Amino acid sequence: MFLRFTTMMISDIMHQSSDFDKVKEALIDRGIQCISTMKLCREKAVRHFQIFVPESARVLIHGYSRAVADAIRLAAANGRLKCVYQTKLSTASTDDEERGKFLKELKDAGIECYEVLSESVAYLMERIDVVILGAEAVVESGSGWFFVS
């Protein structure tokens, strides 16, 4: 999405000026605008998520993303969380380190946290109030880079 956003209308920019520095400056400006727009969208999603978190919620998180982490942090700050369950794949995953830091942060904040194998999620489902799927990136087609078991 970043690539598409920054390079959209590149032909218009190139027709207006053949100066490479101006084209480069336009691409950098569009990139900065794209990043700030994405941050605003994430913040908006985090705020809107809060209406789905009941009081004393038990939340199951599958996957990891900054948006999920921010949403959980805000729910915790508002005192709405009772317990967080984070799925863990039985094989090594690329986000294991970030997920571990995040769970430690929640535990340090006094939130009850557990890691559960993704294969055992069915056992927990009757106790869960909210399920969050995290995807750090979503491609233009809408596919996320995450694994849902």
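Start by selecting Cys113: its sulfur lies 7.0 Å from the closest cysteine sulfur, in Cys83, which is too far for a bond. A disulfide is a pair of cysteine sulfur atoms within 2.5 Å, and a search of the whole structure finds zero of them. This is a predicted model, where local features need pLDDT of at least 70, side-chain atom pairs count only at pLDDT 80 or more, and totals for chains, interfaces and linings use all residues. Residues are numbered from 1 along each chain as its sequence is written, and side-chain values use heavy atoms, with hydrogens and water left out.

Stay with the two cysteines. Cys113 is buried at 8% relative accessibility, and Cys83 is buried at 2%; buried means under 20% relative accessible area, with a 1.4 Å probe and protein chains only.

Next, select residues 81-88, strand E2, and find Gln86 there (strands are DSSP runs of E, at least two residues, and helices are runs of H or I, at least four, numbered from the N terminus). Gln86 is buried too, at 0% relative accessibility. Beyond its neighbours within four places in sequence, Gln86 is in contact (heavy atoms within 4.5 Å) with residues including Ile61, Arg99 and Tyr114.

Now colour Val59, Ile72, Leu81, Val84 and Leu106, the residues with the most contacts inside the largest nonpolar core, which has 21 residues. Such a core is a set of buried Ala, Val, Leu, Ile, Met, Phe, Trp, Tyr and Cys residues joined through side-chain atoms within 4.5 Å. Helix H4 gives the most to this core, with five residues.

Note on methods
Buried < 20%, exposed > 50% of the residue type's maximum accessible area, 1.4 Å probe, protein only.
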